[in-house]
Amino acid sequence: MGSVCVWLLGGGAPSLPALPILAGAIAPDVPIVILYLRERYLRGLPEERIWRESYQRPFWLNLIHGAHSLPLALAGALGGLALGSAALTAFFASVFLHALADLPVRGGSSPSGPWRACR
């Protein structure tokens, strides 16, 4: 973690696991950001319509909830271990921790919550 902070503050190059960890921490929320920017600035929808209508469409729900899926993140981390890839393991472990950290925030936002693999 220290190397990520040094890198973010303009220090030297991060160690190999730092970039996959940072990417895994950010990746699950990328679909939400894309949804919001698309609907708000390209389509001009107000926020309440974005979350009430656009977010509820099956495509966005599956994509966003899949990106926060604990089983998929765990499978990815185990796959990285099986392949001997420290970067892949670090990425999916970070995705897993992101999804865990979101439990208090989003735990009840869908019937299957973070346990969903896909719909």
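Okay, let's start with the aromatics: searching the whole structure turns up five aromatic pairs. Keep in mind that this is a predicted model.

I'll show you two of those. Trp-51 and Tyr-55 sit edge-to-face, 5.9 Å centre to centre with 65° between the planes. Tyr-55 has a relative accessible area of 11%, so we call it buried. Trp-51 comes out at 34%, so that one is partly exposed.

The other is Phe-59 with Trp-60, also edge-to-face, at 5.1 Å between centres and 80° between planes. Is Phe-59 buried or exposed? Its relative accessibility is 56%, and the cut-off for exposed is over 50%, so Phe-59 counts as exposed. Trp-60, at 8%, is buried.

There's a cluster too: Tyr-36, Tyr-41, Trp-51 and Tyr-55 all belong to one aromatic cluster.

Now, the inside. Nonpolar side chains in soluble globular proteins tend to be buried together. Which residues make up the largest nonpolar core here? There are six: Ile-32, Leu-35, Tyr-55, Trp-60, Leu-61 and Ile-64. Two elements, α3 (30-42) and α5 (58-67), each give two or more residues to that core, and α5 gives the most, with three. Take Ile-64: leaving out neighbours within four places in sequence, Ile-64 is in contact with Pro-31, Ile-32, Leu-35 and Tyr-55.

Last stop, the surface. Ile-26, Val-30 and Ile-34 make a nonpolar patch of about 250 Å². Ile-34 is in helix α3, and at 46% relative accessibility it counts as partly exposed.

Key
Residues are numbered from 1 along each chain as its sequence is written. This is a predicted model: local features need pLDDT of at least 70, side-chain atom pairs count only at pLDDT 80 or more; totals for chains, interfaces and linings use all residues. Side-chain values use heavy atoms; hydrogens and water are left out. A nonpolar core is a set of buried Ala, Val, Leu, Ile, Met, Phe, Trp, Tyr and Cys residues joined through side-chain atoms within 4.5 Å. Buried means under 20% relative accessible area, exposed over 50%, partly exposed in between (1.4 Å probe, protein chains only). Helices (H or I, at least four residues) and strands (E, at least two) are DSSP runs, numbered from the N terminus. Contact means heavy atoms within 4.5 Å. Patches are made of residues with over 30% relative accessible area and no salt bridge: like charges are joined within 9 Å, nonpolar side chains (Val, Leu, Ile, Met, Phe, Trp, Tyr) within 5 Å. Accessible areas come from the Shrake-Rupley method with a 1.4 Å probe; for residues, only the protein chains shown count as cover. A salt bridge is a side-chain nitrogen of Lys or Arg within 4 Å of a carboxyl oxygen of Asp or Glu. Rings of Phe, Tyr and Trp (its six-membered ring) pair if their centres lie within 6.5 Å; planes under 30 degrees apart count as stacked, over 60 as edge-to-face and the rest as tilted.
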